[in-house]
Amino acid sequence: MNIFNIIIIVDYTLVFIVICGLSTTDVQRLLKGSTTNIVSKNCCCDSCGYVIPLKDQIPVVSYLLSKGRCRNCGAPIPKGQTCQEAFLFVSFMLIGILTGFKTVSVIIDFVYYELYKLVVIIVKNRRRDDFGRQLLLSLLLNLVIFSAIGLFIFAADMAAERIICQ
Ligand SMILES: [Zn+2]
């Protein structure tokens, strides 16, 4: 264990907290009832359309701080979204621990996440309009995000090995 291994684990944890936060928007926009574009930046309250500020988008924590309600209109935030964040975070950490926080961990995370997304879509039904293109956009976007993390870990891993060899 050297400084690079610690950097990798801390980085992995932080990045996947962000991904779990993004996952609710990503999955929600592919489900029945949504007409929002997958790449639309703002995350809004389903009831009043209030744009949720970044500080209120921390997975699980924000839900607890706002007592599960929209800060603008008080509408309850679906509990399922918070459960999804927690479930995915535990999954990603387990995959990381079992596979040693390597590039391959991120590849498995990516496949796992995309399969999870498909299961939710099948169970909850897909959105009516423009589903195919939105699904493809979502896949490409996630591919870019996960590739970036994978490359970062690969580079940090190489640096870690170089230190051990010296
Ligand atoms: Zn609201």
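Q: Where does Ala75 lie?
A: This is a predicted model, so local features need pLDDT of at least 70 and side-chain atom pairs 80 or more, while totals for chains, interfaces and linings use all residues. Residues are numbered from 1 along each chain as its sequence is written. Taking helices as DSSP runs (H or I, at least four residues; strands are E, at least two), numbered from the N terminus, you'll find Ala75 in the loop between helix 2 and helix 3.

Q: Does Ala75 count as buried, exposed or partly exposed?
A: Burial is a neighbour count here: 20 or more other C-beta atoms within 10 Å means buried, 12 or fewer means exposed, and anything in between is partly exposed, with C-beta atoms placed from the backbone. Ala75 has 14 such neighbours inside 10 Å, so Ala75 comes out as partly exposed.

Q: Which residues does Ala75 touch, not counting residues up to four places away in sequence?
A: The C-alpha atom of Ala75 sits 8.6 Å from that of Asp46, 29 residues away along the chain. Contact means C-beta atoms, placed from the backbone, within 7 Å. With residues up to four places away left out, the partners of Ala75 are Cys45, Ser47, Cys48, Arg69 and Cys70.

Q: Is Phe101 buried or exposed?
A: Phe101 isn't a glycine, yet its phi is positive, at about 55 degrees. You'll find Phe101 in the loop between helix 3 and helix 4 (103–124). There are 21 other C-beta atoms within 10 Å of Phe101, so this residue is buried.

Q: What does Asn125 count as, buried or exposed?
A: Asn125 is a residue other than glycine with a positive phi, near 80 degrees. Asn125 lies in the loop between helix 4 and helix 5 (131–165). The neighbour count for Asn125 is 11 inside 10 Å, so Asn125 counts as exposed.

Q: Are helix 1 and helix 5 roughly parallel or antiparallel?
A: The axes are 10 Å apart and the packing angle is about 175 degrees; axes are lines fitted to C-alpha atoms over the stretch in contact, with angles from 0 to 180 degrees between N-to-C directions. Angles under 35 degrees are roughly parallel, over 145 roughly antiparallel, 65 to 115 roughly perpendicular, and the rest oblique. Helix 1 and helix 5 are therefore roughly antiparallel.

Q: At roughly what angle do the axes of helix 1 and helix 3 cross?
A: The axes of helix 1 (residues 3–28) and helix 3 (residues 79–99) come within 9 Å of each other, crossing at roughly 145 degrees. Helix 1 brings residues including Phe16, Cys20 and Gly21 to the contact, and helix 3 brings residues including Leu88, Phe89 and Phe92. The crossing angle, then, is roughly 145 degrees.

Q: What percentage of the 166 residues of the protein count as buried?
A: Of contacts between residues at least 6 apart in sequence, 71% join residues at least 24 apart. The buried share of the 166 residues is 18%.

Technical notes
Two residues are in contact if their C-beta atoms, placed from the backbone, lie within 7 Å.
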